[in-house]
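Take a walk through this protein with the model open beside you.

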Amino acid sequence: MYFLSNQYVRQSVLSNYNRLNNIHRFWIFVTIYFTGIMKEILKKYANDLLGYLLICITGIIQVHKIPFHLDLLPTDDAHYMSMGFSIGKKLIVNYGPLYCLWFKFLQKIFVQPITVYYVSFMAITVATPALLFGFLRRFNMGLLPAFIFAFLFQTSELNMFLNSWPKISHFAIIGVMTFIIATRNIKSPIYFYLLSTGFILVMSYVRPEYFLSFVFMVLWCVGYICFKNKLHLSKHQWFAVLAVCCLSALLLFALGSSMSGGRTGIAISQHYMWNYVEWHHLPKTAWLNWYEVSQKHFGQADSFSQFMQANPKEFFHMISYNFVQFFVKNTQRLNDVFFPKTLFRMALPIGCLIIGLLIILNIVFFGVAAVKKYFSQNIHILLVLLLFSLPALMSSVLIYPREHYLVLLLPLLYFIISGLLINLVSVKNTLKQGVALCVLGILSMVFVPRAGAYTYYNIWEAYEEQYCAKAINKIKSLSIKEHINLLESEGGIYVFIRKNISYVHGFYKQEPFYALLQKKKINMIYVSPILLADKHFYQDKEWQDFQQHYEKYGFKKIGFSTDKRHYLYVKASLN
């Protein structure tokens, strides 16, 4: 054993061994044994650990001032956080419960919702490129090329995600890459497929689309066992099959399917409206009318089949448009992944040419043998990554090619790139590698774009002022003890306040304004460009009258933004 190979340690342990009780003997054994293991790991993976460290330090330098630039947008991430805080009271299976649990974990440490929101954003932004570095190294990409790929992704807008989309897809691929890193050396395909089946089911409680991957993985495992292995498995393999089946059944029985709950209809309707806005060259705020437009073209459709039956021509128009836009938009996004705009001013054709030349030169000078060997040896990993990617590909075409669907494709993309560039060499001397990596790491810390270098977006437009954060702080500063019924159209800033406040969503306003005011007992209104652009408000004469005579109805106006487009109406009697 390792710890007994040192003669001084061996003499010390053996000479005093009989004098110790069993607990002390066990503790000495564990301490020395694992110290030996750690020394072996450090000796073998010192440069990789250094790479992780440098990527994380660079990421922290990049994002540490995010709270001074990123607004507290009450979009999907804020609602995942809110559900995470309430996870002991209710659990919505089709709304990423494991991602919600992540926020619950952070709440135990940081308590305040605003702090939790920013810490989650920064932690995921730092962790994703760090795991990408490990993922590439696990497939034997050179140390320096792997670091460069990870750094370029780190600085890209697809990693920063400053356009109001949630970080749940980054959270998902962190899980996927961690799983592949951990199981890379499993030689038996059957064990790898069984582990993947269970893991995909677990990950479906992060991204519900993964449940479709789970179904396909189950079918593949059944086919592999029945037709490839002819049902000839060892006792241990049959035990593994039984264990995965029982644990999967138990999880499904306890939580249910992550695909249940009927979110499909809303997703199609809302994203159809984004296409509709592009087709008719409408302002982005026209998206607010998604419900009426969807009803006009598809009625009360709530599933893919119902949408197709309601209006086949428009449905296939949407799908064909999404198919084309999948390549158009994602090519531009990937150009930013490999040549980030904050570092380069690289035109799309030039970026594609550089990547293509790297792959061609690699194959021409080193041959295709290594590339073929890479894919043949990792065919089972390729299959699992394809199954992980399949729902994102389908959703991009059937719903809309959103950025976070591209994020879900990144493990597969980088796996393929790693294979095509398998012969990219690095200095083989460990010391020289470490020195070169340190130099590269220092340069990355110097040149990594800071938080202020990026453009930040809400759903509609770029912003420089943290309007929602200012509104939240202003409401808090009023120190109101009575219950607040807040009308707003941002999406729910109440999740950052939580105490003594409920939310009336301006999106769903149907009645005249004064009827809504009385019905919902509204005593505070957050006015923003989003609310003012909603036709349910600007076409409502009662709302127009209220804006002119709000004092008549017992409200006072409180401003807090420099551009005067954001302000509060607060009931004067509210204490």
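About 50 Å³ of space lies in the second largest cavity. A cavity is a set of points on a 1 Å grid over the protein atoms alone, where a 1.4 Å probe fits but cannot get out. Grid points are joined across faces, edges and corners, and the volume is the space filled by probe spheres set on the points. The model is predicted: local features need pLDDT of at least 70, side-chain atom pairs count only at pLDDT 80 or more, and totals for chains, interfaces and linings use all residues. Residues are numbered from 1 along each chain as its sequence is written, and side-chain values use heavy atoms, with hydrogens and water left out.

Which residues line the second largest cavity? They are Met83, Ile87, Lys90, Leu91, Ile92, Tyr95, Pro97 and Cys100. A lining residue has an atom within 4 Å of a point. By class, seven of these lining residues are nonpolar, none is polar and one is charged. Here Ala, Val, Leu, Ile, Met, Phe, Trp, Tyr, Cys and Pro count as nonpolar, Asp, Glu, Lys and Arg as charged, and the others, Gly among them, as polar. Across the whole structure, the search finds five cavities of 30 Å³ or more.

Now turn to a pocket. A pocket is an open set of points with protein on both sides within 12 Å along at least five of seven lines. The second largest pocket has a volume of about 450 Å³. Its lining has 19 residues, and Lys44, Tyr45, Asp48, Arg137 and Arg138 lie nearest its centre. Helix α2 (22-63) gives the most to this lining, with nine residues. Helices are DSSP runs of H or I with at least four residues, strands are runs of E with at least two, and both are numbered from the N terminus. Along with α2, α5 and α20 (430-447) each supply at least two residues of the pocket lining. By class, that lining has seven nonpolar, six polar and six charged residues.

Next come the charged pairs. A salt bridge is a side-chain nitrogen of Lys or Arg within 4 Å of a carboxyl oxygen of Asp or Glu. The count comes to ten salt bridges. One of them joins Glu157 and Lys341, at 3.4 Å from N to O. Glu157 lies in helix α7 (residues 157-160) and Lys341 in the loop between α15 (312-338) and α16 (348-366), so the pair ties together parts that are 184 residues apart in sequence. Glu157 is partly exposed at 31% relative accessibility, and Lys341 is partly exposed at 44%. Buried means under 20% relative accessible area, exposed means over 50%, and partly exposed is in between (1.4 Å probe, protein chains only).

Lys470 and Glu465 also meet in a salt bridge, at 2.6 Å from N to O. Lys470 is partly exposed at 32%, whereas Glu465 is buried at 9%. Another salt bridge links Asp540 and Lys509, with the closest N and O atoms 2.7 Å apart. Asp540 sits in the loop between α24 (535-538) and α25 (541-548), and Lys509 in the loop between β4 (501-505) and α22 (513-519), so this pair ties together parts that are 31 residues apart in sequence. Are Asp540 and Lys509 buried or exposed? Both are buried. Elsewhere, Glu461, Asp563 and Arg565 are linked in a network of salt bridges.

Now look at the nonpolar side chains. In soluble globular proteins, nonpolar side chains tend to be buried together. A nonpolar core is a set of buried Ala, Val, Leu, Ile, Met, Phe, Trp, Tyr and Cys residues joined through side-chain atoms within 4.5 Å. The largest one has 160 residues. Those with the most contacts inside it are Ile66, Leu70, Phe135, Tyr414, Phe496 and Tyr526. Its largest share, 15 residues, comes from helix α5 (residues 113-138). A second, separate core of 17 residues includes Val504, Ile522, Phe537 and Tyr569.

Last, the cysteines. How many disulfides does the search find? The answer is zero. A disulfide here is a pair of cysteine sulfur atoms within 2.5 Å. The sulfur of Cys226 is 11 Å from the closest cysteine sulfur, in Cys221, too far for a bond. For Cys246, the closest cysteine sulfur is in Cys245, at 6.8 Å, again too far for a bond. Cys226 is partly exposed at 33%, and Cys246 is partly exposed at 46%.
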